[in-house]
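Please look over the sequence and the model before reading on.

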Amino acid sequence: MSGTRAEAITVYRETGTHRETFLRLDADGSLTAFNGHVDLGTGIETALAQIVAEELDLPLGQVRVVLGDTAHTPNQGPTIASETIQITAVPLRHGAAQIRAELVARAALRLNAPAGEIETIEGEARSANGSVTYGELVSGEAAALALDPGAPVKAPGDYRIVGRPVPRVDLPGKALGRHVYIHDVTVPGMVHGHVVRPPYHGREAGDFVGHSLLGYDEAAVSAMPGFIAVVREADFLAVVAEREDQARAIAEALPVDWRMPPDLPEMRSLADTIRCQPATARACDRSGDFARGIDECDLRAARTYVWPYHLHGSIGPSVSIADWNGGRPILWSGTQNPHMLRADLARLVDLAEEDIEIRRHQAAGCYGRNCADDVGADALLLARAVGRPVRVQLTRAQEHLWEPKGAAQVMDVEGGLLGGDLHAYSLDTWYPSNRATNLGLLLTRRVIAEPRPSDMGDRTIVPPYRIPHKAITVHDMAPIVRAAWMRGVSALPNTFAHESFVDEMAYEARQDPVDFRLRHLDDPRTRTLILRTAEEGGWEPRTAPRRRREGRMAYGQGFAYATYVHGTFPGTAAAAATWVCDVAVDMETGEVQLTRVFVGQDQGLVINPDGVRHQIHGNVNQTASRVLKEEVSFEEITVTPSSWATYPLATFEEVPRIETMLVERAEDPALGVGESAAVPAAAAIANAIFDATGVRMREAPFTPERMRAAMGIHRREDGRLQGSADHAPRLSGAMKPATWFGRLRSKGIGLAAVLGGTLSLGALALPIQRAIPPTSAPPASSFSAELLEKGRQVFAAGNCGDCHTAPGGAPNAGGLEIVTPYGTIHTTNLTPDPETGLGRWSLEAFERAMRHGISRDGTHLYPAFPYTSFSKMTDDDIFALYAYLQTLEPVARETARAEMVFPANLRPVNALWNALHHDSAPIERHPARGADWNRGRYLVEATGHCSACHSPRNLLGAEKTGKAALTGSLVKGWYAPAIAGDAASAFGWSEERYYAYLRTGLAEGFASASGPMADVVANLKALPDEDIRAMATYLASALPNVPEARLADPAAAARPMPDATHRIFESACATCHEPALASLATAATIPLSRSAAIRSPDDEALKTVIRQGIEAPLALAGRDMPGFAGELTEGQIADLAAYVRMRYAPASP
Amino acid sequence: MSLSVEFSVNGRSVAVGLDDPRRTLLDVLRNDLGLTGPKYGCGLAQCGSCTVLVDEAPARACVLRAAKAEGMRVVTLEGLADGEVPHPVQQAFVEETGAQCGYCLNGMIMTTIALLTENPDPSEAEIRSALRHNLCRCGTHREIVASVAKAARLMRESGTRGRGRI
């Protein structure tokens, strides 16, 4: 395809091994340009098309740009350092000029006119003798032109296409949903892989890398639907399945045994940790004599600036597809570096580079390195293993944890003034980053995971100012966690140091910061940029921080300038950018709002002014987010952020107003603009904060916590703002109710003592009950249809199926584990299987079990089986249930033995328990109440056994009765709230709300059934309306006349101090619980201030919901909530629970 | 447990067999129905890339199980255009270059349609607020806000309501 066609004019370059084509003009007049770089979402495709269309005088619509496919494009290295326009576009411009010259020569012959009189316009060659299209000129005569780097090109003054705003060519397809991103590619026969990464998330060096997988249990998952294979090579582990969801389910179910890695260094004191790593000092500038110069200064200062780890944070987690293709693999990839990736893959699977073809598709923007290359290795290994094309989609967590981070950086500066001028300046910069070896190579041990230093810490390392004595040093070092270049690379942190320090020196010299900079600059082009930016950006000269205040807000303006220098030191200059920015600082919370950014930029020739402005806007918004909010956190062994919850980005409400000024320099070469406007960001914002507050921020990000610490604002003990409205009462132990699974756990020893003492008195006196001999149950046909229907309703009302079905197990065959403080019980098999179920139970045996908790063989059942309620059932209902159970599908399933702690493991103790707690008297009808009420009471107290969950229990695990009945309890980590007594009234329950809730699972705006109760309500669908109404009537009748409690108003009440937990809430919870659009169909249905879990007596129930989420039964209208156990640490969950309770239920205990 | 759900997608009725009731609508749309306009971004309703409309309301398809879509009218990015004529919101995003990489664009467009259904003439502050739970990493916020403002104008001028024609 890329070679010379019969009818085409091409431009090529010989590389020694093969011929690379840059341009091809076909006989239909269309031009294809090949560039080895890729479009990282910046619209570079459009700018390249403009460049070749300009040189060739072709309509833009006749130009197609092919980016990054290894089979077709030249190897021009990775798409980094904003080089595409500045460097890799150059051959395209020259080649296009060559083709134009060839066309002019041909037209001269065809039109019989001197070449000098041929004009090329819009794909045609014209002369006084007529015109001919390019297509006609190509027809019948192929030509291959060797690229001539000296070919004459157009004068910029003649440009008609370059320099004009041109709409992006890829956008219409993207807006219509037709653009095929790498995520959208499908290949015939494709199956799906899902990787299982090691526990050393984000680490790449150490002898544990590639040596930590101890084993896995394939047999445990090989029967799962869609299973194809588990593939392992050293620490590379993945599953392959027919479908994407199946691959993920299998991977998550696969039992894997990993060796735990050693701890990371202490990452909280980042600067010390980084400085302590092995490093090699490299001198970059030793002008003058720094030691002498600094001694001569009349004012000296030493400062340290710290930059955090960042995520590139592609919005789409990486994807790749590989087809082994009989040993000549094809990889579909969103890589930033097609040719580099191809070399890595060749090494991974022992092939020659030429045997591998990479087809590049656009991916989500990456701003440096993301996991696109890693996932390519994953897909290729899997495709080779299973012999089918395999697509691998990384999860958000995998992308977050494993992407090579934007590196942290430490800058130590020392410098000083002599007579008001900069006289000496030293900078030592530590940049723990490299080029991020492909993860597949490391996991499979193809590459040894040893520390690999690199040399990219020196970008813009030399300050632009005239300073007589300089000592500029970069400390080249290996990464601590996996890291690679990110937008602005080391130039952004280096400039943070330069431009903060220079700003500080200006004020020390009592000079305006802009004047001070200009006094130290000689380059006229730089001076022009700074002067014009200050003027047009509304710079307000000053010689001291102004500390402008209005109420609690302080306002300030900052300035910074940088030329982004990229490539190997001393490097090449890209565009120069200057910021004037305004901030508003909340002096009580420490929040910094960046309100306006004015960017002046000098990029030489502008190819597409719209494209340049969009790059500036993107740089400003993204970098402001990095400077103000972003920071990768760490645990002992790994990086931690695994979703946006713990790595929030700036939102639409936080991004600044942006103004731009492009300096017109049509005669100067085009300079890269992909990163330049990012580089001054941190210093400009820090300088603005200084103007507003007089406080110097030297460690990013400038979070409210850091600002408060710097400004000396101390948070109160309860985490609220000084002077905020309400005051939450502290949790009080005395106010917590007894719970099965909370409080009792801590009382285990006392309980054993109590039971032990009782046991010695009388346990042996209580015999095991007699066995009732097995008999064949009556045949199903002997029961009437009405009886069975009644039995079905009793079964549903009793919620029997939920407890007697194990997760993923056969319905009603038992096996659900019930963990109690006394041990673990397994529910029994209710199906009529003769050996393991109820098939040989007589009605008499069944009734005894229901009423007295005694099994057919005479042993006592544990009171987790709610016979204390069932004993109140009518004979008719028990018979109907018995009949119904005998018609279930029989399933052979042995019930596992209970594993109880002493002395509860002695079944006779149950008999004692019964003697103390079990009242088997049936419910007596209340003659003064209506039939409805009596029916409701029966359903609530007998069949429905509501008290089993909703009544608190005493120390021996018995339900409390009387006034304490149904007043709320914690069950399996879920809170079963009060449905009787003052608390239920205060909560707002009413007959209508009970009815709606029990009937549909949702009392509009009030309560939604979730957790175990959602299953109960789903089962209640089997009951007629009258029964539901009856339950509501009964429950409501018992409500005391207590007014509904006032709800917390989170907007008016306690405003939480902005901190990390607040940000978790805003990015992970608010999307559904405080939705931006009220109509959001996946939003929560109940306000958080209504939530029973949040208003429950302690944090436990809320933490359960946060961990597990909510899976609403399909039978109900309820909505799901994702669980966060995998995204948040236990500490974060606890903090979040406390935060939510303080914000939405401050009046709760 | 296998079940079948029926719903309409972009005006067409579909029946999907679900051998696993946990499958998300996003997964079914992309993998079973070939509708790749909605994108997987986070799986936790945090970024908005997967937004679709169900019964005219915006929904984050990554946390909505397909089984829950029974009987609903689902509209994806692909279902907005009238043949080759883009929906005014799509047109506005193209004209104002409301995307860089464009991965979040689906969520921005679908959320904009929902916003303009509720509020046909939003202020800039209202636009920013309505999009505050849609993440854009390229920093295209300014162009996106301009696109929404233009979309509102185009829709008012053309008399389009909501998602329009379907």
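## Basis

This is a predicted model, in which local features need pLDDT of at least 70, side-chain atom pairs count only at pLDDT 80 or more, and totals for chains, interfaces and linings use all residues. Residues are numbered from 1 along each chain as its sequence is written, while chains are lettered from A and ligands numbered from 1 in the order in which they are written.

Helices (H or I, at least four residues) and strands (E, at least two) are DSSP runs, numbered from the N terminus.

## An open sheet in chain A

Five strands form an open sheet in chain A, in the order β4-β3-β2-β1-β8, with mixed pairing. Strands pair if DSSP finds at least two bridges between them. At the edges are β4 (63-67) and β8 (143-146) of chain A, each pairing on one side only. From one strand to the next, the twist averages 25 degrees. Strand β1 (residues 8-14) of chain A runs parallel to β8(A), with four bridges. Y12(A) stands opposite A146(A) in β8(A).

Helix α1 (residues 44-56) of chain A lies across β2 (19-26), β3 (31-35) and β4 of chain A, at about 135 degrees to β4(A). Helix α3 (residues 90-111) of chain A also packs on the sheet, touching β1, β2, β3 and β8 of chain A. Its direction makes about 45 degrees with that of β2(A). Axes are lines fitted to C-alpha atoms, for helices over the stretch in contact, and angles run from 0 to 180 degrees between N-to-C directions. Contact means that C-beta atoms, placed from the backbone, lie within 7 Å.

## The core and helix α17

The largest nonpolar core has 372 residues, and V52(A), I685(A) and I689(A) touch the most other members. Helix α17 (residues 681-693) of chain A gives the largest share, 10 residues. Such a core is a set of buried Ala, Val, Leu, Ile, Met, Phe, Trp, Tyr and Cys residues joined through C-beta atoms within 7 Å. A residue is buried if 20 or more other C-beta atoms lie within 10 Å of its own, exposed if 12 or fewer, and partly exposed in between, with C-beta atoms placed from the backbone.

In α17(A), 13 of 13 residues are buried. At 1.5 Å a residue, its 13 residues should span 18 Å, and the end C-alpha atoms are 18 Å apart, which agrees. That expected span is 1.5 Å times one less than the number of residues. G694(A) follows the helix, with a positive phi near 80 degrees. Beyond four places in sequence, the contacts of I689(A) include G556(A), V583(A) and F702(A).

## Helix α27

Helix α27 (residues 931-943) of chain A has 13 residues and should span 18 Å; its end C-alpha atoms are 17 Å apart, which agrees. Its buried residues include R937(A), Y938(A) and L939(A). Their cover includes α21 (785-797) and α32 (1025-1037) of chain A. Just after α27(A), H945(A) takes a positive phi of about 35 degrees.

## F227(A)

F227(A) is in strand β11 (residues 227-233) of chain A. F227(A) counts as partly exposed because it has 18 C-beta neighbours inside 10 Å. Beyond four places in sequence, F227(A) is in contact with V221(A), S222(A), A241(A) and I250(A).

## Where the chains touch

The contact takes 64 residues from chain B and 60 residues from chain A. On the side of chain B, α3(B) gives the most, with seven residues.

How values were computed:
Contact = placed C-beta atoms within 7 Å.
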